[in-house]
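Okay, thanks everyone, I'll keep this short. Have a look at the structure on the screen and I'll walk you through it.

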Amino acid sequence: MNALLVVVGAAIGAPLRYLVDRLVQARTDSVLPWGTFAVNVAGSGLLGFLAALPADGPVMAMAGIGFCGTLTTYSTFGYETLRLAEDGARTYAMLYAVGSIAAGLGAAYCGMALAGAIPGHG
């Protein structure tokens, strides 16, 4: 049953990642991949929030593993970082990599803190 929930969450997260990425990139005039940055930070925050709540197998399977797992994308982050470096934008590549990791960790921390602020969960 949990595997089916992962599939359902993934079926929502993957197209949402694509749509958000395209929407954000269409509105920016930058070499930086802001769409990937946005989905990775948002997904990190949501996963931090979910992880700080009492463990619930079905919810974590669908929302945490399925949805957040496909909304966020480490492979695209890696590819886009290398592409920036190969295109001669090494400083941007370094800043993007460091900024993405810091923002993702910060978002996860904020998500956990938000969950901890819910009465009965702190």
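Predicted model: local features only at pLDDT ≥ 70, side-chain atom pairs only at ≥ 80, totals over all residues.

If you read along the sequence, you get α-α-α-α-α. The C-alpha trace spans about 50 × 30 × 20 Å along its principal axes. There are 122 residues, and 30% of those count as buried. On charges, we have 5 positive and 6 negative, and their mean positions sit 3 Å apart.

How many disulfides does a search of the whole structure find? The count is 0. Cys68 is in no disulfide, and its nearest cysteine sulfur, the one in Cys110, is 15 Å away. A disulfide here needs the two sulfurs within 2.5 Å, so at 15 Å from Cys68, the sulfur of Cys110 is too far for a bond. Is each one buried or exposed? Cys68 is buried, at 2% relative accessibility, whereas Cys110 is exposed, with a relative accessible area of 51%.

Last topic, the aromatics. The structure holds 3 aromatic pairs. One of them is Trp34 with Phe37: the ring centres are 5.3 Å apart and the planes are at 85 degrees, so that's an edge-to-face pair. Both residues are in helix α2, which covers residues 34-52, and being 3 residues apart there puts about one helical turn between Trp34 and Phe37. Trp34 is partly exposed at 33% relative accessibility, and Phe37 is partly exposed too, at 21%.

Then there's Phe77 with Tyr96, which is a tilted pair, 5.6 Å centre to centre with 45 degrees between the planes. This pair links distant parts of the chain: Phe77 belongs to helix α4, residues 74-86, and Tyr96 to helix α5, residues 90-116, with the two 19 residues apart. Phe77 counts as buried at 9% relative accessibility, and Tyr96 is buried at 5%. Bring in Tyr74 as well, and ring pairs link Tyr74, Phe77 and Tyr96 into a cluster.

That's my bit, happy to take questions.

Technical notes
Residues numbered from 1 in each chain as written. Heavy atoms only, no water. Helix = DSSP H or I, 4+ residues; strand = E, 2+ residues; numbered from the N terminus. Buried < 20%, exposed > 50% of the residue type's maximum accessible area, 1.4 Å probe, protein only. Lys, Arg positive; Asp, Glu negative; His and termini not counted. Charge placed at Lys NZ, Arg CZ, Asp CG, Glu CD. Phe/Tyr/Trp six-rings, centres within 6.5 Å; stacked < 30°, edge-to-face > 60°.
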